[in-house]
Amino acid sequence: MSTGTQDTNAQSMHALPKLEPIDARNESVQKLLTRPHKCILSDLDMLVWERSQAHDCILLFLMHLSEACTGCPTRDVVWDNYTTYSTSKSIVDRVLALLIHLDSWTDEIEPLSGPQRFGNLAFRSWGARLAERINELHQSCLPDYLHIYTIELCSYLMDAFGSFIRIDYGTGHELNFIAWLAYMYRLGAFQEEEFLEQRLALEVIPAYLRVSWHLQDRYSLEPAGSHGVWGLDDFHFVPYILGAAQLRDTCMTPSEMTDVSLYPHSRQREPRVGPRLTPQATLFYKPPRSLTPLPNILYGPA
């Protein structure tokens, strides 16, 4: 990534208001900590949520991540580098180690055999292991002074990979992961990280997608609350937000997008042939040509 791109992203982020930090060492703040519970149970609750400070914080957090990844490619996370990531002083690296560790459970816990009407019940075993070890996972990831906040952080991470009762996964679970990252961001867990927003957008969230895609495939998770044609995807929404940000300064027609996409055969009527694309191939596909920069005239005067 060029220095020019970094400078441009930095200037863009400066135009956004800062995300209000939480004074994590303040005892009066610590006394307010309590285990979160679900409050959005009706349409009226949704209206309250949309006007809440929490909603605005998460939206602003996503805006910061989007600005940081504009014009930048997704970065590869070395999945075999667990030891290096887990022993790093970087909290971002430790979060990556946590995700890699969770992904290893998906390989270890075999799907149950036999006919099952919906998702595979072995997903509940995965969830039970997460519930058993979630405090330990946070303690290995966070600095000591933030361990007290695990009572709240655990609930968000616990709900970030799907429902272990319904055996499904949807955008609400994805939102829990974003809330988990945003909470740690406000607590100052990442405060000494260089190019923090870029790393979260281009490394951590793609790593999370890889973990959740593996779970969806391995345990045949049902889409939670799918709205068919009204949604871009049955399971995710955030990749479209960040992906649009990555391509924001390019000008592409729909046919050009098809030409550089992973699915150039989409114009063909014949069935698709060849091996199925892996999440790794999807995340790190490189177009065969450079994308056309968006003409500056479309932005208007500087």
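Select R75 first: with a relative accessible area of 24%, this residue is partly exposed, a class that lies between buried (under 20% relative accessible area) and exposed (over 50%), judged with a 1.4 Å probe and protein chains only. The model is predicted, so local features need pLDDT of at least 70 and side-chain atom pairs count only at pLDDT 80 or more, while totals for chains, interfaces and linings use all residues. Residues are numbered from 1 along each chain as its sequence is written, and side-chain values use heavy atoms, with hydrogens and water left out.

**The salt bridges**

E203 lies in helix α10 (residues 196-218) and R75 in the loop between α4 and α5 (82-86), so the pair ties together parts that are 128 residues apart in sequence. Helices (H or I, at least four residues) and strands (E, at least two) are DSSP runs, numbered from the N terminus. E203 counts as buried, at 10% relative accessibility.

Next, select R199 and D93. Their closest N and O atoms are 2.7 Å apart, in a salt bridge. This pair links distant parts of the chain, 106 residues apart: R199 belongs to helix α10 and D93 to helix α6 (residues 91-108). R199 is buried, with a relative accessible area of 14%, and D93 counts as buried at 14% relative accessibility. Which residues are linked in a network of salt bridges? They are R75, D93, E193, R199 and E203.

Move to R129 and E108, which form a salt bridge with the closest N and O atoms 2.7 Å apart. Here R129 sits in helix α7 (residues 122-141) and E108 in helix α6, 21 residues apart. R129 counts as buried at 18% relative accessibility, whereas E108 is partly exposed, with a relative accessible area of 49%. By the rule given above, the count comes to nine salt bridges.

Now select residues 53-69, helix α4. Buried residues of α4 include L60, F61, H64 and L65. Just after the helix, G71 takes a positive phi of about 75°.

Select K18, in the loop between α1 (3-14) and α2 (27-30). Is K18 buried or exposed? At 77% relative accessibility, K18 counts as exposed. K18 touches L60 and H64, not counting residues up to four places away in sequence; contact means heavy atoms within 4.5 Å. K18 and L60 are 42 residues apart in sequence and 8.3 Å apart in space, C-alpha to C-alpha.

**A stop at the surface**

Select L232, in the loop between β2 (222-223) and α11 (238-246). L232 counts as exposed, at 53% relative accessibility.

**The whole chain**

Of its 302 residues, 41% count as buried.

Note on methods. Salt bridge = Lys/Arg side-chain N within 4 Å of Asp/Glu carboxyl O.
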